[in-house]
Amino acid sequence: PEGLARVVSASTLIGELDKRCKAARAGGASSYPPGVAWLVLDETHSHRNQVGFTGLDKLMRAIHDRVRAQLEPGDVTARFGLNSIAVLLDAVGGDRDFGKQAATLLRAISSNLFEFGEQAIAATVSFAARPANEQLRLAEANLVSVARMAEKLTEAGGNRSEIAGAEGAEDGGAPGTMLGQLTKALRDDSLRVVFQPLLATSGPDADRYQVLPRLLGSDGSLIPAARFIPVAA
């Protein structure tokens with residue numbers, strides 16, 4: 001319906017995030033990046049055991065409807081997996097109050113039961129948001145960051161929110177984090193390849209070398225592949 005946040009597929013939301021970040025990057029100080037937010041259903045396993053997968057899907061659809069009713073028409077939402085909703089929050093001139101938005105959403109979910117026929121379910125969610133860092137060439141890393149934040153909130157008991165700055169310590173794209181260092185290396189083409197000679201114990205006499213990829217750390221150290229390959233994956 002008109003006046004509600006738009007619902008898209010997960011891949012479309014990621015594409016929209018990338019497009020908006022590029023626009024903000026090109027616009028400089030005159031343009032603002034979107035906010036990124038992640039909402040996760042608390043006690044997912046308990047709800048699934050109570051109502052099954054079909055009931056869980058109905059519950060998430062009902063939660064999605066309540067969420068959209070509290071958002072701005074310029075916002076974009078998408079379901080991710082069984083229990084999560086991602087949101088692109090329209091910049092609105094850069095002065096949007098994410099904290100107020102979070103409080104409104106949590107209240108909308110927890111204040112009333114969700115009724116399915118004769119069954120009523122009480123549900124809560126955890127919500128994390130922050131301005132997107134438009135400088136990340138992998139814009140999707142912004143979503144990874146808020147997803148981690150929301151997951152930590154629900155693990156700590158749920159029904160709570162957290163708002164962070166674009167360059168907060170938990171930002172997956174911050175230069176001090178492994179993901180941030182990897183993103184920077186890909187952007188700057190600064191991954192290193194080192195070589196070491198190997199001495200053959202048999203076979204023809206020929207020069208052999210072992211080729212080793214390394215990530216250049218923020219302190220100039222070379223980080224072995226075993227540490228950054230899992231993050232890249």
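**Close-up views of a predicted model**

Figure 1. Pro34 is found in the loop between helix H1 (10-27) and strand S2; helices (H or I, at least four residues) and strands (E, at least two) are DSSP runs, numbered from the N terminus. The model shown is predicted: local features need pLDDT of at least 70, side-chain atom pairs count only at pLDDT 80 or more, and totals for chains, interfaces and linings use all residues. Residues are numbered from 1 along each chain as its sequence is written, and side-chain values use heavy atoms, with hydrogens and water left out. Pro34 has a relative accessible area of 3% and is therefore buried (buried means under 20% relative accessible area, exposed over 50%, and partly exposed in between, with a 1.4 Å probe and protein chains only). Leaving aside neighbours within four places in sequence, Pro34 is in contact (heavy atoms within 4.5 Å) with Leu17, Arg20, Cys21, Leu89, Ala91, Pro131 and Ala132. Between Pro34 and Ala150 there are 116 residues in sequence and 18 Å in space, C-alpha to C-alpha.

**Figure 2. The nonpolar cores.** A nonpolar core is a set of buried Ala, Val, Leu, Ile, Met, Phe, Trp, Tyr and Cys residues joined through side-chain atoms within 4.5 Å. The largest such core has 26 residues, and those with the most contacts inside it are Ile63 and Phe127. Two or more residues each come from strand S2 (35-41), helix H2, strand S4 (84-89), helix H3 (98-110) and strand S7 (125-131). H2 makes the greatest contribution to this core, with seven residues. A second, separate core of 21 residues includes Phe80, Leu88, Ala139 and Leu143. In soluble globular proteins, nonpolar side chains tend to be buried together. Not counting residues up to four places away in sequence, Phe127 touches Ala37, Trp38, Leu39, Ala102, Leu105, Leu106, Leu153, Arg160, Ser161 and Glu162.

**Figure 3. His64 in helix H2.** His64 lies in H2, which comprises residues 44-70. With a relative accessible area of 6%, His64 is buried. The side chain of His64 makes a polar contact with that of Thr77, at 2.7 Å. A polar contact is a pair of N or O atoms within 3.5 Å; within protein, one must be able to donate a hydrogen and the other to accept it, and residues adjacent in sequence count only if both atoms are side-chain atoms. Apart from its neighbours within four places in sequence, His64 is in contact with Val7, Thr77, Ala78, Arg79 and Ile85.

**Figure 4. Aromatic rings.** Rings of Phe, Tyr and Trp (its six-membered ring) pair if their centres lie within 6.5 Å; planes under 30 degrees apart count as stacked, over 60 as edge-to-face and the rest as tilted. By this rule the count comes to one aromatic pair. Trp38 and Phe80 form this tilted pair, at 5.0 Å centre to centre and with 50 degrees between the planes. The pair links distant parts of the chain, since Trp38 belongs to strand S2 and Phe80 to strand S3 (residues 76-80), 42 residues apart. Both Trp38 and Phe80 are buried. Elsewhere, Arg66 lies over the face of Phe114, at 3.7 Å from the ring centre; a charge sits over a ring if NZ of Lys or CZ of Arg is within 6 Å of the ring centre and within 35 degrees of the ring normal.

Figure 5. The expected span of a helix is 1.5 Å times one less than its number of residues. The 15 residues of H4 (residues 141-155) should therefore span 21 Å, which agrees with its end C-alpha atoms being 21 Å apart. Among the buried residues of H4 are Ala141, Leu143, Val146, Met149 and Leu153. H4 is followed by Gly157, whose phi is positive, near 130 degrees. Asn159, in the loop between H4 and strand S8 (161-163), has a phi near 55 degrees, a positive value in a residue other than glycine. Asn159 counts as partly exposed, at 38% relative accessibility.

**Figure 6. Helix H5.** In H5 (residues 178-188), the buried residues include Met178, Leu179, Leu182 and Ala185. What covers the buried residues of H5 includes H4, strand S10 (208-216), strand S11 (222-224) and helix H6 (225-232). H5 is followed by Asp189, which has a positive phi near 55 degrees.
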